[in-house]
Amino acid sequence: MNGLRAVIVCLVIACAAVVSPAAAVTPSWSALAVPGAAPPVTVSDLAARGPGEAWATGYEHAADGLRPMLYRWDGTAWSRDTAFPGAGELGWLGKVQFVGDEVWIFHNRVGAGEILRRSAGGWSAVPLPQTLWTYQDFTAVPGAAWVVGEDDTGLKVLHYDGSGWTTQSTPDGVLFLMGITARTATDAWAWADTSTGTAVLRWDGTAWRDAKVPLPPNSNVHTILLEPSGRVTIGGSQYTDGVARTYLMTWNGHAWRTTYPPLGDTYTEAMVRGPDGALWLPVRSDRAFQSKYARVDGSRTTFSYGPERTNAIDVKPRALARAGFSLLSFGTVEIYGSKPNLMSERLGG
């Protein structure tokens, strides 16, 4: 009888493993080696195109000023790229985007703005038509790119159509554009500081207009996540009696829905849609030697920790990207007695 029971138990376990392998194996975060930069460093952005290609941007804080920093993931390892124009000059790298078969990166090159473009033939640069005091954000899609910032006359929205630049106007009352993103050349979104508070603008191929998004009162916007399906997710903070809490707004094609996941006051700029369909973002960790990530799936929020790092006193993932069936993270880690340097982690894969 005991032998029969053992056989049955083994069959049940084997069937469970075959039917539901995901239930038997829970993926966890693992550390990826990154060639060190000259610390301290700042990470700007991370973008991935499948599991075999990702790019991370930022800058080193050198004695003579900021130095641009670019890293490439080939599916196996991170390596530093120093072949782009201006790699040895002062400046910094900002947002990175995939545009068709190319990689586009915003580059502040000794104060002047340009877009770096990497194709099969190598690197090239598209200079901006004018130098701005502040380069706030950049986005690019096939057929269009935008750079927003300020000069001595105020707000500037520079638009590139593939052959030349034009300056676009914004609705009355817009004081400053804090960020911009686009889904297509005729569907771009921006979040703005206006004379009446924070507002969301939308470009329809003809003009920038107020999108009439019913943002929570006394709130700001950190990021807007546009998806091919038409879904839009906005992340930001709402202030009540001086205390901030994170909110998320989702447009399902018919109406906006606002939720307040238990994230405290988390900056949502690095939020991405993961391969599991949930929203993922880094949060402030309560463990000095480990990073921490939040997973928001509807009304359910769960948390996971990165790998333990010996003698670490601060681990900060700054950007996330979906890379096939895994998530890539890029940021900084400060080891006791040294300045913050680069780190990368992966979930799944």
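How many aromatic pairs does the structure hold? The structure holds 15. This is a predicted model. The count of salt bridges comes to 18. Below are selected ring pairs, charges over rings, a strand hairpin, a surface patch and salt bridges.

**Aromatic pairs**

- The Trp92–Phe106 pair links distant parts of the chain. Trp92 lies in strand β6 (residues 91-99), while Phe106 lies in strand β7 (residues 102-109), 14 residues apart.
- Trp92 is partly exposed at 22% relative accessibility. Phe106 is buried at 4%.
- Tyr71, Trp73, Trp78 and Phe330 are joined into a cluster by ring pairs.

**Charges over rings**

- Arg245 lies over the face of Tyr260, 3.7 Å from the ring centre.
- Arg287 places its charged end over the ring of Tyr305, 3.6 Å from the centre.

**Strands β2 and β3**

- Strand β2 covers residues 41-48, and six of its eight residues are buried, so the rest of the structure largely encloses this strand.
- Strand β3 (residues 54-62) runs antiparallel to β2, and seven bridges join the two.
- Across this pairing, Ala47 stands opposite Trp55 of β3.
- The two strands form a hairpin with five residues between them. Gly50 sits in the turn and has a positive phi of about 75°.
- In a regular strand, side chains alternate between the two faces of the sheet.

**Nonpolar surface patch**

- Which residues make the nonpolar surface patch of about 320 Å²? Ile313, Ile335 and Tyr336 do.
- Ile313 belongs to strand β26 (residues 312-323).
- Ile313 has 41% relative accessibility, so this residue counts as partly exposed.

**Salt bridges**

- Arg67 and Asp64 meet through their side chains at 2.4 Å, N to O. Arg67 is partly exposed at 22% relative accessible area, and Asp64 is partly exposed at 46%.
- Glu102 bridges to Arg117, with the closest N and O atoms 2.9 Å apart. Glu102 is in strand β7 and Arg117 in strand β8 (residues 112-119), so the bridge ties together parts that are 15 residues apart in sequence.
- Buried or exposed: which is Glu102? Glu102 counts as buried, at 18% relative accessibility. The cut-off for buried is under 20%.
- Lys292 forms a salt bridge with Asp286, the closest N and O atoms lying 3.9 Å apart. Salt bridges are counted within 4 Å, so this pair qualifies.
- Glu89, Arg109 and Glu114 are linked in a salt-bridge network.

Conventions: Residues are numbered from 1 along each chain as its sequence is written. This is a predicted model: local features need pLDDT of at least 70, side-chain atom pairs count only at pLDDT 80 or more; totals for chains, interfaces and linings use all residues. Side-chain values use heavy atoms; hydrogens and water are left out. Rings of Phe, Tyr and Trp (its six-membered ring) pair if their centres lie within 6.5 Å; planes under 30 degrees apart count as stacked, over 60 as edge-to-face and the rest as tilted. Helices (H or I, at least four residues) and strands (E, at least two) are DSSP runs, numbered from the N terminus. Buried means under 20% relative accessible area, exposed over 50%, partly exposed in between (1.4 Å probe, protein chains only). A charge sits over a ring if NZ of Lys or CZ of Arg is within 6 Å of the ring centre and within 35 degrees of the ring normal. Two strands pair if DSSP finds at least two bridges between them. Patches are made of residues with over 30% relative accessible area and no salt bridge: like charges are joined within 9 Å, nonpolar side chains (Val, Leu, Ile, Met, Phe, Trp, Tyr) within 5 Å. Accessible areas come from the Shrake-Rupley method with a 1.4 Å probe; for residues, only the protein chains shown count as cover.
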